[in-house]
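Opening the notebook on a new structure today. I want to jot down how the chain is put together before I look at anything else.

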Amino acid sequence: LRFVLAPSVTPALRTLLNTDDTGKPKPNTTQPPTTVPNANALPTDSPPPIDDSSLGDILEVCPDGMSLCQDMARRIQICGGAALLIDYGGAQNNGDTIRAFRSHTQVPVLSSPGTVDVTTDVDFHALRTAITQISGYGTRVGCYGPVTQGSFLASMGVMERAVAWIDKDSTSDEEANDVVEALDRLCSAEQMGERYKVFCIVKKNPDFPYTSP
């Protein structure tokens with residue numbers, strides 16, 4: 001769902017971005033934590049302010065995505081566990097990213113309605129902002145990232161696993177080549193490694209304090 005927001009403060013702006021009547025963040029807006037649990041696979045930085053857009057900027061807003069992340073965070077608060085989100089996008093809104101594909105080829109969005117795949121980049125900053133608006137967020141739920149898929153997989157040991165598989169006596173040359181090609185596609189900057197991001201929502205555990213990497 002794609003909206004064009006008016007340059008003035010509107011009910012939609014106040015609701016979606018939790019601002020006051022002037023468009024500024026409400027004083028009680030809870031900011032997400034800036035540390036990570038135990039490892040540096042999903043570091044987090046202080047997010048950019050939610051009112052940093054200028055007049056004329058193009059913003060893509062996905063209320064369904066924000067609401068879904070809030071629902072997941074509430075479920076995690078109650079039941080525990082975590083959610084790991086992987087998709088292409090950026091740490092904040094990237095402007096006009098809507099595009100369409102058909103048969104693996106990019107085509108005009110309105111070229112053939114109903115027969116093309118329409119997509120946009122995920123705005124992970126908007127998802128983080130939506131989660132921070134949940135009551136009790138600061139003490140019970142943390143969100144981390146996004147980081148690039150390549151760096152995340154590398155920190156999880158994908159390189160070592162690939163080498164171990166290739167070095168097995170039972171691995172054929174064809175299988176080894178398949179592993180190298182898959183690794184390149186998942187991790188290299190020219191493929192999915194930079195474009196895809198990893199974002200995590202997790203319930204905090206007092207027995208495992210969150211420390212800086």
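First thing I looked up: what share of the contacts in the protein with a separation of 6 or more comes from residues 24 or more positions apart? I get 72%.

**Confidence.** The average pLDDT is 79, and 70% of the residues score at least 70. I flagged residues 29-40, where pLDDT stays under 50. The model still has 38 contacts beyond four places in sequence for that stretch. Where pLDDT is low, the predicted coordinates should not be read in detail. I leave residues 29-40 there, with their pLDDT under 50.

**Overall count.** I find seven helices and seven strands. Read from the N terminus, their order is α-α-β-β-β-β-β-α-α-β-α-α-α-β. Of the 213 residues, 35% count as buried. For the accessible surface I have about 12900 Å², with 54% of it belonging to carbon and sulfur atoms.

**Four-stranded sheet.** I traced an open sheet with the order S5-S1-S7-S6 and mixed pairing. S5 and S6 are at its edges and have a single partner strand each, so one side of each lacks a neighbour in the sheet. I then went through the pairings of S1. With S7 (residues 196-203), S1 (residues 82-90) pairs in the antiparallel sense over seven bridges. Ala82 is the residue I checked here, and it stands opposite Val202 in S7. With S5 (residues 122-123), S1 pairs in the parallel sense over two bridges. On that side Gly90 has Asp123 in S5 as its bridge partner.

**What packs on it.** Which strands does H2 lie across? I noted S1, S6 and S7, with H2 running at about 40° to S7.

**Core.** The largest nonpolar core has 17 residues. Met66, Ala73, Leu85, Leu127, Ile131, Phe199 and Ile201 are the ones that touch the most other members. The elements giving two or more residues to this core are H2 (63-79), S1, H3 (124-132), S6 (141-148) and S7. H3 gives the most, with five residues.

Leaving out residues up to four places away in sequence, I listed what Ile201 touches: Cys69, Met72, Ala73, Ile76, Ala82, Ala83, Leu85, Ile131, Val141, Gly142 and Cys143. Two names on that list, Ala73 and Ile131, I had already written down among the core residues with the most contacts to other members.

**Three-stranded sheet.** I also found an open sheet with the order S3-S2-S4 and antiparallel pairing. S3 (105-107) and S4 (117-119) are the edge strands, and each pairs on one side only. Ignoring direction, neighbouring strands of this sheet are turned by 40° against each other on average.

How many bridges join S2 to S4? I counted three between S2 (residues 99-102) and S4, and the two strands run antiparallel.

Definitions and conventions. Residues are numbered from 1 along each chain as its sequence is written. This is a predicted model: local features need pLDDT of at least 70, side-chain atom pairs count only at pLDDT 80 or more; totals for chains, interfaces and linings use all residues. Side-chain values use heavy atoms; hydrogens and water are left out. Two strands pair if DSSP finds at least two bridges between them. A nonpolar core is a set of buried Ala, Val, Leu, Ile, Met, Phe, Trp, Tyr and Cys residues joined through side-chain atoms within 4.5 Å. Buried means under 20% relative accessible area, exposed over 50%, partly exposed in between (1.4 Å probe, protein chains only). Contact means heavy atoms within 4.5 Å. Accessible areas come from the Shrake-Rupley method with a 1.4 Å probe; for residues, only the protein chains shown count as cover. Axes are lines fitted to C-alpha atoms, for helices over the stretch in contact, and angles run from 0 to 180 degrees between N-to-C directions. pLDDT is the predictor's confidence in each residue, from 0 to 100.
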